[in-house]
Amino acid sequence: MKRLTASMLTLLLCAGCLQSLPASEVQAADGIHTYSLVASDASWTEAFRQAQDAGGYLVRFETKEEYQYVLNQIQETGLTDTIFRIGARRDKDSQNYYWADNSNALGGVVLNSPSFWGYSEWMKGEPSFRDNGIEEQFVDLFYYQNEGRWVWNDVPDDILSVVPGYSGKLGYIVEIEDAAPSKASGSAKNAAWNEAYRSFILNQSFLNQGQTYGDEISSGNENVSFALHDIDMDRTPELIAFNGNSVYAGSQDYLYRFADGAVQYVGSLPGSNYNPMTWVSNPAFPGIFSSGAHTGGYWTDYFWLQNGRIVSEKVSESSDSPDGVEQYDPDTGELIPIETYRTENEDLYEAWIDSKNEEGFELDFYTLNDINQMGWDAFVTHYGYARP
């Protein structure tokens with residue numbers, strides 16, 4: 001599996017040509033990966049061949065990090081009206097979509113399976129496999145206004161034969177690999193944070209940071225769990241440590257970052273219950289949502305990093321019995337929390353609602369015992385993406 005701990009992006013938008021513009025160069029785990037955005041009315045099959053002619057292939061998003069990084073760069077260039085071909089398709093007699101390898105053979109994870117990390121990236125109701133009798137075997141990426149996000153959709157090979165009005169709005173993304181990893185600053189930086197976090201966790205250095213770990217049930221550290229997430233989108237992840245799985249109020253999450261060659265304590269993210277934080281696949285809000293509860297009241301805060309410090313925004317709160325009036329779900333009989341705004345940023349609130357509607361992702365937390373069993377490299381592969 002390609003695990004991007006960082007990447008290199010070449011931005012391009014020109015009809016039928018590939019020319020590099022200035023790009024940020026950092027190191028991928030298995031070599032440098034460059035991504036070129038090409039404007040072309042080519043069919044998917046033509047785009048596949050042209051990507052090969054350029055020395056690469058139609059992009060294959062194998063991790064959430066890779067996908068989000070490319071989306072951020074697309075949006076920064078203002079190319080939200082372009083429909084991009086990506087390297088996924090299915091065989092005509094199958095309803096399973098796969099990434100196509102360099103020879104256009106299919107295999108690996110099924111992209112429209114709930115077990116795939118990108119399952120929720122499909123447009124609602126897709127893939128549909130055919131439309132009005134027209135076979136749809138190939139996958140495009142575009143910004144869908146009705147859902148307010150980038151989505152995947154299955155389409156015919158030659159879209160223009162069906163919708164001529166798309167002429168001038170099509171493109172594709174070429175991914176090119178350099179199999180020889182560079183020894184540039186990107187790779188050194190990646191190796192540095194990787195090793196620093198490894199030592200910090202496996203040697204239990206977090207116990208010397210002055211925070212209280214464990215929970216109300218046990219004073220030990222066996223329930224401390226960890227997750228990696230790039231909160232400030234600088235391609236170096238932050239480390240989150242959860243202090244236990246107690247159901248009592250007072251459980252807490254602690255945030256660390258890698259800076260100046262060392263792991264630094266940033267601050268705490270107060271929460272309650274073992275409820276892994278969620279983050280939304282929305283580049284406008286790359287931080288984390290943290291929920292808490294106390295005596296029938298519930299709240300959610302949003303955290304991000306600014307100049308190396310935690311900044312928070314109160315998002316929402318709810319109560320089981322507002323004004324003494326209790327409301328129950330007629331199907332389950334459970335008390336219904338009544339939610340209210342705590343923020344003036346409606347976009348932020350909508351992002352939180354989206355995450356609750358399974359359009360966001362829960363972070364993967366692992367205990368020290370989990371990490372020892374799975375191995376450090378396997379733990380790091382969860383950096384940059386999470387399961388729905």
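## The loop at S40

In this predicted model, S40 is found in the loop that runs between strand β1 (32-39) and helix α1 (44-53). With a relative accessible area of 14%, S40 is buried, because the cut-off for that class is under 20%. A polar atom of the S40 side chain lies 3.1 Å from the backbone nitrogen of A42, and, when residues up to four places away in sequence are not counted, S40 touches Q50, L170, G171 and Y172.

## Helix α2

Helix α2, which covers residues 64-76, has 13 residues and reaches 18 Å from its first C-alpha to its last, close to the 18 Å expected at 1.5 Å a residue. Eleven of the 13 residues are buried, so α2 is largely enclosed by the rest of the structure. Just after the helix, G78 takes a positive phi of about 75°.

## Nonpolar cores

The largest nonpolar core has 24 residues, and those with the most contacts inside it are F61, I74, L141, W152 and I173. At least two residues of this core are supplied by each of β1, α2, β3 (83-89), β8 (138-144) and β9 (149-155), with the largest share, four residues, coming from α2. I74 touches L37, L79, F84, W150 and I173, again leaving out residues up to four places away in sequence.

A second, separate core of 21 residues includes W193, V224, Y254 and Y366.

## S225 in strand β11

S225 lies in strand β11, which spans residues 225-229. At 1% relative accessibility, S225 counts as buried, because this value falls under the 20% limit. Although S225 and D370 are 145 residues apart along the chain, their C-alpha atoms are separated by 8.7 Å.

## The hairpin of β17 and β18

Strand β17 (residues 297-306) and strand β18 (residues 309-319) pair in the antiparallel sense over ten bridges. Within this pairing, L305 stands opposite I310 in β18. The hairpin has two residues between its strands, and N307 takes a positive phi near 55° there.

Notes. Residues are numbered from 1 along each chain as its sequence is written. This is a predicted model: local features need pLDDT of at least 70, side-chain atom pairs count only at pLDDT 80 or more; totals for chains, interfaces and linings use all residues. Side-chain values use heavy atoms; hydrogens and water are left out. Two strands pair if DSSP finds at least two bridges between them. Buried means under 20% relative accessible area, exposed over 50%, partly exposed in between (1.4 Å probe, protein chains only). A polar contact is a pair of N or O atoms within 3.5 Å; within protein, one must be able to donate a hydrogen and the other to accept it, and residues adjacent in sequence count only if both atoms are side-chain atoms. Contact means heavy atoms within 4.5 Å. A nonpolar core is a set of buried Ala, Val, Leu, Ile, Met, Phe, Trp, Tyr and Cys residues joined through side-chain atoms within 4.5 Å. The expected span of a helix is 1.5 Å times one less than its number of residues.
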